[in-house]
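Open your viewer and get ready to click along.

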Amino acid sequence: MINSILIALAIVLIIEGIGPMLFANKWQRFLLQIAQQPANQLRSMGGVMVVIGVTSLIYLL
């Protein structure tokens with residue numbers, strides 16, 4: 001179980017690192033746009049991502 005979690009974490013780190021590595025300038029502009037969003041909108045986006053992640057995990061297990 002721990003091994004699977006570590007593999008999943010490694011894959012997430014690889015996928016998340018590709019954007020800044022290949023498109024540093026676009027990534028920076030994207031983060032600036034995200035930083036200017038209202039906090040409530042960021043919370044909503046985060047909540048949707050968590051729900052999608054949990055739902056996906058339930059169906060995958």
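How many buried residues are there among the 12 residues of α2? The count is 0, so α2 is hardly covered. Here, buried means under 20% relative accessible area, exposed means over 50%, and partly exposed is what lies in between (1.4 Å probe, protein chains only).

Before you click further, note that this is a predicted model, in which local features need pLDDT of at least 70 and side-chain atom pairs count only at pLDDT 80 or more, while totals for chains, interfaces and linings use all residues. Residues are numbered from 1 along each chain as its sequence is written, and side-chain values use heavy atoms, leaving out hydrogens and water.

**The whole chain**

Show the protein as a cartoon. You will find 3 helices and 0 strands, running α-α-α from the N terminus on. Helices (H or I, at least four residues) and strands (E, at least two) are DSSP runs, numbered from the N terminus.

Turn the model around: its C-alpha trace spans about 40 × 30 × 15 Å along the principal axes. The radius of gyration of the protein is 15 Å, whereas a compact globule of 61 residues would have one near 10 Å. That radius is taken over C-alpha atoms, and the globule rule is 2.2 Å times the number of residues to the power 0.38.

Buried residues make up 2% of the 61 residues.

Select Met1, Ile2, Ile5, Leu6, Leu9 and Leu13, which make a nonpolar surface patch of about 700 Å². Patches are made of residues with over 30% relative accessible area and no salt bridge; like charges are joined within 9 Å, nonpolar side chains (Val, Leu, Ile, Met, Phe, Trp, Tyr) within 5 Å. A salt bridge is a side-chain nitrogen of Lys or Arg within 4 Å of a carboxyl oxygen of Asp or Glu.

**Helix α2**

Move to Trp27 and Phe30, which both lie in helix α2 (residues 24-35), 3 residues apart, about one turn of the helix. A search of the whole structure finds 1 aromatic pair. The ring centres of Trp27 and Phe30 are 5.9 Å apart and the planes are at 45°, so this pair is tilted. Rings of Phe, Tyr and Trp (its six-membered ring) pair if their centres lie within 6.5 Å; planes under 30 degrees apart count as stacked, over 60 as edge-to-face and the rest as tilted. Trp27 is partly exposed at 29%, and Phe30 is partly exposed at 41%.

**Helix α3**

Finish with Gln41 in helix α3 (residues 39-60), partly exposed at 37% relative accessibility.

Note on methods. Areas by Shrake-Rupley, 256 points an atom, 1.4 Å probe, with all protein chains shown as cover.
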